[in-house]
Amino acid sequence: MRRMAHDPITAATVQDAPHLEPHFAFPAAEAAATEKLNARAARPNVAMIVFDDVGWGDFGCYGGGVAVGAPTPNIDRLAREGKLLTSCYSEPSCTPSRASLMTGRLPMRHGLMRPPMYGEAGGLQGEITIAQLLSDAGYVTQAVGKWHMGENRESQPQNVGFDDFYGFLSVSDMYTEWRDPYFFPEIVYSEERTRWIENQAFSKCFVHAEKGGEIEEVEEVTIPVLSLLDDMWCKYSQAFIERMAGIDQPWFLYHCTRGTHFDNYPHPDFLGKSPAKHPYKDTIVELDDIVGRLIQTLEDTGQLDDTIVFITSDNGPEMETWPDSAYSPFRSAKGSTWEGGQRVPGVVYWRGMVEPGQATDGIFSLLDWFPTLLRVAGATDATPDDRYIDGVDQTSFLLGDGAQSNRKYLYYWLGTTFSAVRCGEYKMMLASTSDDDRDIQNSGGFSGVTQKYTYSRLYNLYLDPKEQHSYMIRKIPYLDAFTAGLGQHFRSFGKYPAKSVVGGVG
Ligand code: CA
């Protein structure tokens, strides 16, 4: 008899406990992954490199690179020698994504539905982060670069699990946009308004902090300083990696770049260096070079074989700031639950452990790192049991040769409005941002209105990656594939109610 293939639409999941997301179980792949991990002398280091607003298609390994005027040879090489995820998902915008990565929980559970801006209150306080749990398990934890998960004391990185932080607490544009006469002439050329904004209670400096300590201001982020940040932050991470080579503890580096969030002012060494000669593209080239430098430091210090490297973006391209914006072949952009808002690059590289040369379309969410990192750190028992964890352990998917994703459903939330669910190549949509041709380009994901469909829509993401042709009337039998997943998801909020910290409006 022919062995039946695993089909994510028809296969059943298992749920290990009421507070854990159901997942596909592959006993043989699980055993192989465990054997691979147990064969190692020590637990691995983790280097997570999170770009800001970089599009799914920007890198050469995703079809961009040279084709869109910004070659990315370093990232392309890691993708060739590692695993390239084509269905890697963030949340629709920065803070929700980063907090989901940190907590393994959807925005409706950690409560950060949109980014806090210009000193707004609210952040990660009360959540349990992967950094905290890895720290408890004996890891040295370092955060570098953009934070943007709350500026309040209890939400700052040194108070939610990181031993050290060097970066800024908010988001790039907030430090410089009002200083640039091109964007804000009415402020720059007005003494009254300049004083007015300078006196507003939001941070204007990048900072340093050590575990449990107070934030120290390092330098005010003027435009010339901003252009040097990614280079400075790279050097800080390189120094951390070099220091760790002499320490008998595993480590977790959470390196978040400034680029390519608008507005981009590339480092002087990279200004005009991309074939496109555009600041956004120059910044992509600079970020690729930074990836090369970090990898080289791991190699030079003998730690490359012992380190899981992951490269991603926190959301899709920001199209409201075109042409300072990214490339994605999908519909719409950052802020939306169309694929353009949430489908992000995902390159997993671990020499000797992740099989080289694999591109896979298995569904992977940034949520999944929480249980996956606990697993590789041997700390699964530390998983909180007083709250719902939306991530699933993807260790067997990442370490297996041709292995399948452990995730069956991907749930899309537009603020507090449930938007869609994906299973296999199908995505059923109940609500979205404006259904207008313009949401593909300018005006982008943040500008649209939330619309709920009278009847749900169904998109086949293989035939229709731009989500332009609802297939529902033709494909009604597929409803069955989604009913169980939707029911399970909505019921989970009964025992584990939603939380609202920032942005409670759908
Ligand atoms: Ca972002």
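In which sense do β1 and β8 pair, and over how many bridges? The two strands pair in the parallel sense, over seven bridges. Pairing requires at least two DSSP bridges between strands. Strands (E, at least two residues) and helices (H or I, at least four) are DSSP runs, numbered from the N terminus. The model is predicted: local features need pLDDT of at least 70, side-chain atom pairs count only at pLDDT 80 or more, and totals for chains, interfaces and linings use all residues. Residues are numbered from 1 along each chain as its sequence is written, and side-chain values use heavy atoms, without hydrogens and water.

Seven of the seven β1 residues are buried (under 20% relative accessible area; exposed is over 50%, partly exposed in between; 1.4 Å probe, protein chains only). Asn-45, Ala-47, Ile-49 and Phe-51 cover one side. Val-46, Met-48 and Val-50 lie on the other.

The calcium ion is coordinated by Asp-52 (OD), Asp-53 (OD), Asp-314 (OD), Asp-314 (OD) and Asn-315 (OD1), at 2.2 to 2.6 Å. Donors are N, O and S atoms within 2.8 Å of the metal (3.2 Å for Na, K and Ca); water is not among the atoms, so sites may look incomplete. The donor spacing along the chain is D-D-x260-D-N. Asp-53 lies in the loop between β1 (45-51) and α2 (73-80), and Asp-314 in the loop between β8 (307-313) and α11 (339-342), so the pair ties together parts 261 residues apart in sequence. Asp-53 and Asp-314 are both buried.
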